[in-house]
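Please keep the sequence and the model in view while reading.

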Amino acid sequence: MKQAKNKWQWLPKSKITNENVTAREKWLGYLVGPAGALLLNAVLASYLNVYYTDVLKLTGIWGGAFLALFPIVSKVIDAVTNVIMGQIIDRTRTGQGKARPWLLLSAPLVAITGILLFTVPNAGQTVQVLWVMLSYNLFYSFALTIYNMSHGLMVPLSTRNTEQRGSLSVFNNVASVMISGIIVALIFPMVVLPAIGVDKAKWITVMAVISLLALPLTLLEYYFTRERITEETADSAEEKLSIAAQLKAVLTDRYWVVIVLYFLIYTFGANVKNMSLVYYCNYVLGTYNDGITQTLVSVIGGIPMGIGIFAVWPLAKKFGKRNVTAVGFVLYVIGGLVCLLDPKNMTVVLIGQFIKNIGGLPCAYVFAALMADVLDHMEWKCGHRVDGFSASMQSIIITVCAGLSGGLFNLLLSRAGYVAPELIGGETVAAVQNAATQNVIVGCFLGVEILTGVILIVLLLFLNVEKVIHKEQAEIKARQKRQ
């Protein structure tokens, strides 16, 4: 393999020097390193809206329109910055890769802007609204965009060895599913939320600690990852395709179109479910911050995610990543339907969530490996890699879905008559929500993912890139030797 020229001499060098993926690369670069930023993002995905509705009490501003519209408008800005960032990554040429340098920059930015999200001043409504909009966009449209896009390319650019790449995909998702899941889904509802209630000062303290934790861990991710695929062409003057040419290339390839649609539909369904989880446990299945309901749903439903660390990749190697994922979504839908049989019955819901999360295992652990196969296929097809462009699309989908799901959910809550809790005598007192509000919450938590699961099963029937990927990778290597 050619050695990359270090064109940016100031960049710290990777600690990974092996040609093959190593154990410390898996554990430090793909498991421990990403845990900080992913934890912060997961906490925000589940609880930032709670902070807006219950602590800042923004639900009724502009007749409910503010919390419905501002996330959507913000994601339009985010979409633009994602396109720009994708092109910047594709045009970055350093001895440390094209995506990894941006991990380094994102480390302090994510920490600082994460804190700003919660330090909304005790001022008039106009000041609060402006602060929320500005801090939200600084975090999501700027800092997190830089992190997400560079982090998202670590697995696809790590190696062409599909088995090693699959292993990295599993470790990468363990960071999100297990580490953030334990804290976000267990510790937060059982310990943190009952302790902080709707006390703004306590929220700021907790979120500042989580935000600052992302800084050293993201640096760890930078030091213990390596872009072996980028290094293959580091010494060549590769012609860069225009955005129009990249767009034409990807839109005429069925594998790329299918996996992007797959990611879009799955992300939207997951965002709506995550947004409504806290409300579902507080107002439908249990009582407000009771410390046990959300914990039970997360523990029983999340047990399969721990098992999946050991089970998913062997099954994917034997039966194929696409096939195992499709079968998983069948269970995903069945589990959701079980929950709908009696959405207020704890036993029924726990059984359904257990089945559902077993079905979600393959998607959680092997998506990055499937995406990497598609990107290699695109390189074979058009002679150029479209990593940055594809990362832009993934990040746009993540941000747009977050905005749409948040705006839709808040609009439905407002229209249904949601009543925020009050801080009375230092104690949090929650209202009993009306039937319309409870129906909205149930539909968002259970109904949306049943529908998206059915659509995903159909889409996966068309994603058979694994049949051709080894042959195409061999042809790519042959081309490189001739150049």
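Axes are lines fitted to C-alpha atoms, for helices over the stretch in contact, and angles run from 0 to 180 degrees between N-to-C directions. Helices are DSSP runs (H or I, at least four residues), numbered from the N terminus. The model is predicted, so that local features need pLDDT of at least 70 and side-chain atom pairs count only at pLDDT 80 or more, while totals for chains, interfaces and linings use all residues. Residues are numbered from 1 along each chain as its sequence is written, and side-chain values use heavy atoms, with hydrogens and water left out.

**Helix α11 with helix α14**
- The axes of α11 and α14 (residues 346-382) lie 11 Å apart at an angle of about 150°.
- This angle makes α11 roughly antiparallel to α14 (over 145 degrees; under 35 is roughly parallel, 65 to 115 roughly perpendicular and the rest oblique).
- The crossing of α11 and α14 is left-handed, meaning that the near helix is turned anticlockwise from the far one by less than a right angle.
- Contact means heavy atoms within 4.5 Å; among the residues making it are Y255, W256 and F263 of α11 and F367, L370 and M371 of α14.
- The contact of α11 with α14 divides into 16 nonpolar, 1 polar and 2 charged residues, where Ala, Val, Leu, Ile, Met, Phe, Trp, Tyr, Cys and Pro count as nonpolar, Asp, Glu, Lys and Arg as charged, and the others, Gly among them, as polar.

- Helix α2 (residues 35-55) packs on α8 at about 160°, with the axes 9 Å apart.
- That makes α2 roughly antiparallel to α8, and α2 passes α8 in a left-handed crossing.
- Residues of α2 including L39, L40 and V43 meet residues of α8 including W203, I204 and L217.
- By class, the contact of α2 with α8 has 17 nonpolar, 3 polar and 1 charged residues.
- Helix α1 (residues 23-32) and α8 (residues 200-223) pack at about 135°, with their axes 8 Å apart.
- That angle makes α1 oblique to α8.
- L28, G29 and V32 of α1 make the contact with L217, L220 and E221 of α8.

- A cavity is a set of points on a 1 Å grid over the protein atoms alone where a 1.4 Å probe fits but cannot get out, and lining residues have an atom within 4 Å of a point.
- The count comes to 1 cavity of 30 Å³ or more, and the largest cavity holds about 60 Å³, a volume being the space filled by probe spheres set on the points, which are joined across faces, edges and corners.
- α7 (162-196), α11 (254-285) and α12 (293-319) each supply at least two residues of the lining.
- The lining of the largest cavity has 4 nonpolar, 6 polar and 1 charged residues.

Terms used:
On a 1 Å grid over the protein atoms alone, a cavity is a set of points where a 1.4 Å probe fits but cannot get out, and a pocket is an open set with protein on both sides within 12 Å along at least five of seven lines; lining residues have an atom within 4 Å of a point.
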